[in-house]
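Work each one before you read its solution.

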Amino acid sequence: MSMVTMNHVRKAFGSNEVLKDISLAVDPGEVCCIIGPSGSGKSTVLRCINRLVSIDGGEVVVDGLSVTDPKVKDVDLRRRVGMVFQQFNLFPHMTALQNVTLSPRKVRGLGAAEADELAMRLLAKVGLKEKAQQYPSQLSGGQQQRVAIARALAMEPKVMLFDEATSALDPEITGEVLAVMRDLAAEHTTMICVTHEMGFAREVGTHLVFMDGGVIVEEGKPRAIFDNPQAQRTKAFLSKVL
Amino acid sequence: MNEHYLAALREVLVQGLPVTIKVSVASILIAIGGGLVLGVLRALRNRALDTIIIGYVEILRGIPLLVLMFFVFFGLPQLGFHFLEVPSAIIALGLWGAANGAEIVRGAIFSISAGQSEAGTALGLNWLQVMVNVILPQAVKRMIPPFMSLFVATVESSSLAALIGVKDIVEIVRLRVENDPSLWIPLLLSILFIYFFINYPVSIASQRLERRLT
């Protein structure tokens, strides 16, 4: 069974149709990369999965829970979905450790000691154990994003969403964030990544989706699409970014 | 004149000053509490609530404070609600302050980037948890300077209470000079310093607090 399934999803902001009939299935352990020009609806696809955005039509099912089902509680859905943002969005008034423990304590109900232990383990995993007591303003962009990844992992989610996680970083430090994402992929974490990192999409991705104008133009194995794109729009896009 | 001045000043300090402080502090507490509740409710973005709160804020900020004070002290008794002078002054100043406070709190909350509440929401926190854990701790810092200005404005405006008979420092001065007009200038200069010495420490304390929170 798929971890995330989207069937004929539609979404408009006012008169602007952002998603037109999106259907997509992501299996457990898959790394699905979504590429495409800006404004194509990629970020909105991610936001539909954890109800940050409500959909106008169609269906999204996450680990068996339908986002349109009013009986499905926000918290049950969101606990299954970790999200990493382009602008990190760390809480500036909390240390790295407090950022990571917030959700375990408030949402999962872990005790302080237990939450701290989990957070330290995750900060070690992203290589930032020694920065636990630092505030976001004391960390570099790459370090902040790695804390944000640890914060999302602390929910022990079933699927991780990455919304252009490296786009706000200087080119020389995108590598440290991508390395963490590679580690997660190697552990068979289910991931959906909106990305401009074509190298990552090609090498780490197991599934590639090219979106343009609110529709999925082409999808399949990353290598197949990069080496031999079928649609004209995919060809045009790839020739510009590769 | 010297003896008269000293006696009058003593009366201003012993009788008037506690009243001025009491009215000001009670009013600002209502303003902060009311402002927080109204400002946070604005963040719910509920249309009906917004309309009610905007209406309250605009009306309260749109009428002269003195008219509001007269309404509470002279008007409400006609409707069956009786308040003494000091409570009337506190109610009027508090309601006026809460309207200004609501705008302060709303402005501070909305100045926190949307990404913050989005991140909190994505972590599974509910609306109230996002507000309490993520937004308000950041917004409070931005509320301190405007609330400080509001306190200063409240202290100054508390002098209007003299007109409904509250025996604050202004009213004591006015009663004293009735017998001896030569006291006008020394007493007015004196209360000018008194207002300054109430407001200046507040300003310093708020700057310290603001620095400590950042």
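**Exercise 1.** How many helices and how many strands are there in chain A?

*Solution.* Keep in mind that this is a predicted model. Chain A has nine helices. It also has ten strands.

**Exercise 2.** Which radius of gyration would a compact globule of 242 residues have, and what does chain A have?

*Solution.* Start with the rule: 2.2 Å times the number of residues to the power 0.38. For 242 residues this gives a value near 18 Å. Chain A has 18 Å, so it agrees with a compact globule. Next, take the box along the principal axes: the C-alpha atoms of chain A fill roughly 55 × 45 × 35 Å.

**Exercise 3.** What percentage of the residues of chain A count as buried, and what is its accessible surface?

*Solution.* Buried residues make up 53% of the 242 in chain A. The accessible surface is about 10200 Å². Carbon and sulfur atoms contribute 47% of that surface. Now turn to contacts in chain A with a separation of 6 or more: 64% of them join residues 24 or more positions apart.

**Exercise 4.** How far apart are the mean positions of the positive and negative charges of chain A?

*Solution.* Count first: 28 positive and 28 negative charges. Their mean positions lie 3 Å apart.

**Exercise 5.** Is B:Gln138 buried or exposed?

*Solution.* Locate B:Gln138 in helix α6 of chain B, residues 127–157. Its relative accessible area is 9%. The cut-off for buried is under 20%, so B:Gln138 is buried. Then list its contacts, leaving aside neighbours within four places in sequence. From chain A come A:Pro92 and A:His93. From chain B come B:Ile112 and B:Gln116.

Terms used: Residues are numbered from 1 along each chain as its sequence is written. Chains are lettered from A and ligands numbered from 1 in the order in which they are written. This is a predicted model: local features need pLDDT of at least 70, side-chain atom pairs count only at pLDDT 80 or more; totals for chains, interfaces and linings use all residues. Side-chain values use heavy atoms; hydrogens and water are left out. Helices (H or I, at least four residues) and strands (E, at least two) are DSSP runs, numbered from the N terminus. Buried means under 20% relative accessible area, exposed over 50%, partly exposed in between (1.4 Å probe, protein chains only). Contact means heavy atoms within 4.5 Å. Accessible areas come from the Shrake-Rupley method with a 1.4 Å probe; for residues, only the protein chains shown count as cover. Lys and Arg count as positive and Asp and Glu as negative; His and the chain ends are not counted. The place of a charge is taken as NZ of Lys, CZ of Arg, CG of Asp or CD of Glu.
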